[in-house]
Amino acid sequence: MNKKVAMISSVVVICAIAILFLGCPPPVVRTRPPEPRVEYYGTPPYPDAVWRPGYWAYRGGGWVWTPGHWARPPRPYAHWVPGHWEPRGGGWFWIDGHWEYR
């Protein structure tokens, strides 16, 4: 009995480590995202503020607009590359936005 429990525990731990390191496959959304909304963001609230534009997120079986916001760059000369939906595998796949350094 103890060998069986140890074996099952080992398999569970190995699977958990594999999921942690490999991650889950990204979800593919079958419906095309709506066109981005036009956002009016005004003047920056502080000198080094960078506008991070809004985007459509797919949640609970439908599209939800996530509004843009001002952000402080993590380092000098950082440039925000917005996220976007990319056609892939018969659907749409989300590519996260990220900071690039020049």
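Which residues form one aromatic cluster? In this predicted model, the cluster is made up of Y55, Y58, W63, W85 and W94. Zooming out for a moment, a search across the whole structure turns up nine aromatic pairs. Take W85 and W94: their ring centres are 5.3 Å apart and the planes meet at 55°, so this pair goes down as tilted. An angle over 60 degrees would have been needed for edge-to-face, and one under 30 degrees for stacked. W85 also shows up on the burial side of things, since its relative accessibility is 18% and it therefore counts as buried, the cut-off being under 20%.

Aromatic rings also turn up with charged partners. The ring of W80 has the charged end of R52 sitting over it, at 3.7 Å from the ring centre.

As for the fold, the chain carries one helix and eight strands. Of the contacts between residues at least 6 apart in sequence, 47% link residues at least 24 apart.

The chain has 102 residues, and buried ones account for 20% of them; W85 is one of the buried residues. The accessible surface of the chain is about 8100 Å², with carbon and sulfur atoms contributing 64% of that area.

Technical notes
Residues are numbered from 1 along each chain as its sequence is written. This is a predicted model: local features need pLDDT of at least 70, side-chain atom pairs count only at pLDDT 80 or more; totals for chains, interfaces and linings use all residues. Side-chain values use heavy atoms; hydrogens and water are left out. Rings of Phe, Tyr and Trp (its six-membered ring) pair if their centres lie within 6.5 Å; planes under 30 degrees apart count as stacked, over 60 as edge-to-face and the rest as tilted. Buried means under 20% relative accessible area, exposed over 50%, partly exposed in between (1.4 Å probe, protein chains only). A charge sits over a ring if NZ of Lys or CZ of Arg is within 6 Å of the ring centre and within 35 degrees of the ring normal. Helices (H or I, at least four residues) and strands (E, at least two) are DSSP runs, numbered from the N terminus. Contact means heavy atoms within 4.5 Å. Accessible areas come from the Shrake-Rupley method with a 1.4 Å probe; for residues, only the protein chains shown count as cover.
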